[in-house]
Amino acid sequence: MPVVKDIFIALSNNKFMNESAKRMGPALGANKVVAGVDIDSTIETVEKLNMKGISCTLDNLGEFVTSRQEALEAQQNIVEIMRRNYNANIDAHVSIKLTQLGLNIDREFAYQNTREILLKAHEYGNTFVNIDAEKFEDLVGITEIIDRLKGEFKNVGTVIQAYLYDSMNIMEKYSDVRLRLVKGAYKEASHIAYQTKEEIDQNYIKLIERRLLTAKAFTSIATHDHNIINHVKQFVKDNNIDRNSFEFQMLFGFRTDYAYQIASEGYNFCMYVPFGQDWFGYFMRRLAERPQNINLMLLDIFNKKNKGKIAFGATLLAGVSILIVGGISLLKKK
Ligand SMILES: Cc1cc2nc3c(=O)[nH]c(=O)nc-3n(C[C@H](O)[C@H](O)[C@H](O)COP(=O)(O)OP(=O)(O)OC[C@H]3O[C@@H](n4cnc5c(N)ncnc54)[C@H](O)[C@@H]3O)c2cc1C
């Protein structure tokens with residue numbers, strides 16, 4: 001349902017909704033997919049996942065960073081979670097977003113902020129730092145910063161979005177860099193990106209196969225799609241690909257039992273664990289990917305413990321979303 005996807009993507013980009021939701025704290029079921037609002041609860045989550053043989057990549061949530069002060073605060077949060085991970089001796093690294101570090105304020109400033117994170121990562125056990133892929137409009141800036149950093153640091157990697165027509169070329173350019181391969185989470189125009197699930201899946205498989213056969217660096221295959229995961233398992237078996245050259249990744253809170261199952265089969269597995277107050281944009285993008293995730297909202301709204309202001313705000317937001325989704329379904333049936 002592309003229209004539903006567009007609505008959730010539009011909500012994810014709505015600054016007012018993001019700001020209001022931030023004040024409210026994780027609601028609408030977002031608490032199921034956000035590990036915690038603070039570092040302590042996030043570390044507890046990581047410890048539990050580590051016990052299941054699952055490593056973690058931690059995402060300090062944050063959208064609409066428009067001032068240097070906000071970007072510096074984000075940088076400090078990221079450094080602090082790396083320090084706490086190191087002290088707690090847990091198996092976790094960070095995933096960062098360059099827009100949160102000031103990419104759209106001043107590219108040089110964002111570069112310096114990111115470099116500072118990498119210097120600290122070196123201090124805290126030379127932990128890995130992943131630079132997430134964002135909207136296409138940010139790709140040039142992100143690529144420029146990665147190209148500068150990869151000359152200086154070995155512990156930096158990034159993400160390839162299979163929906164981009166140019167994804168194979170971008171991936172080939174980073175054959176010696178650790179990469180996460182994803183389908184792509186944003187809404188991109190048809191002159192830039194594939195639009196149908198079939199085309200995206202097809203290109204995703206092409207990228208995965210090429211990467212696993214040729215890369216000189218580690219690969220993360222980040223998907224909840226059992227068809228893709230089964231295909232990869234068979235492909236690595238048929239081609240004698242070392243299981244230690246890659247891992248599977250999923251987002252915290254989705255298909256958890258399936259994640260445990262894959263880890264228990266002896267595959268490397270890493271969970272992407274978001275934490276912090278700024279949950280709305282992240283959560284709306286998850287609903288855009290899979291409108292069935294609205295179940296998370298409904299379960300939360302009908303939870304008796306949710307009373308008062310949070311429940312009111314949550315119900316209001318959920319009501320708006322459900323009405324939109326319901327309305328569109330009805331229109332489509334007519
Ligand atoms: C670890 C991780 C990191 C990511 N990082 C980025 C990034 O940096 N930049 C970016 O643009 N995007 C990122 N993404 C998002 C990604 O691009 C996709 O938007 C997202 O993963 C949805 O696509 P999918 O591969 O899971 O499969 P989909 O095409 O969404 O789903 C395929 C099928 O899998 C099954 N399925 C999926 N989810 C569920 C579920 N919850 N329960 C039951 N069945 C399910 C269904 O049968 C569905 O039809 C990341 C995703 C992950 C997992």
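Leaving aside neighbours within four places in sequence, which residues is Phe275 in contact with? They are Val34, Ala35, Gly36, Thr42, Leu58, Asn60 and Leu61, where contact means that two C-beta atoms, placed from the backbone, lie within 7 Å. This is a predicted model, so local features need pLDDT of at least 70 and side-chain atom pairs count only at pLDDT 80 or more, while totals for chains, interfaces and linings use all residues. Residues are numbered from 1 along each chain as its sequence is written.

Phe275 sits in strand E8 (residues 269-275); strands (E, at least two residues) and helices (H or I, at least four) are DSSP runs, numbered from the N terminus. Phe275 is buried, because 25 other C-beta atoms lie within 10 Å of its own. The cut-off for buried is 20 or more such atoms within 10 Å, with exposed at 12 or fewer and partly exposed in between, again using C-beta atoms placed from the backbone. Between Phe275 and Ile43 there are 232 residues of separation in sequence, but 9.9 Å in space, C-alpha to C-alpha.

E8 belongs to a barrel that 8 strands close in the order E1-E2-E3-E4-E5-E6-E7-E8, with parallel pairing; two strands pair if DSSP finds at least two bridges between them. From one strand to the next, the twist averages 30 degrees. Axes here are lines fitted to C-alpha atoms, for helices over the stretch in contact, and angles run from 0 to 180 degrees between N-to-C directions. Strand E6 (residues 219-222) and strand E7 (residues 246-251), for instance, share 4 bridges in the parallel sense, and Ile221 has Phe248 of E7 as its bridge partner. Helix H8 (residues 197-214) packs on the sheet, touching E4, E5, E6 and E7, and its direction makes about 155 degrees with that of E5.

What about strand E4? With 6 of its 6 residues buried, E4 is largely enclosed by the rest of the structure. Val156, Thr158 and Ile160 cover one side, and Gly157, Val159 and Gln161 the other, all of them buried. In a regular strand, side chains alternate between the two faces of the sheet. Strand E3 (residues 129-131) runs parallel to E4 and is joined to it by 3 bridges, with Asn130 opposite Gly157. The chain gets from E3 to E4 through helix H6 (residues 139-152), in a right-handed β-α-β crossover. Right-handed means that, with the strands pointing away from the viewer, the path from the first strand over the helix to the second runs clockwise. Onward from E4, helix H7 (residues 167-173) and E5 complete another β-α-β unit, which is right-handed. E4 and E5 run parallel, joined by 4 bridges, and Val159 has Arg180 of E5 as its bridge partner.

In H4 (residues 68-88), Ala71, Ala74, Gln75, Ile78, Ile81, Met82 and Asn85 are buried. They cover an arc of only 125 degrees around the axis, which puts them on the same side of H4; the arc is that of the directions from the helix axis to the C-beta atoms. Gln69 and Asn87, on the other side of H4, are exposed. The buried residues of H4 pack against helices H3 and H5 and strands E1 and E2. In H10 (residues 256-264), Ala259, Ile262 and Ala263 are buried, and their arc of only 100 degrees puts them on the same side of H10. Exposed on the other side of H10 are Asp257, Gln261 and Ser264.
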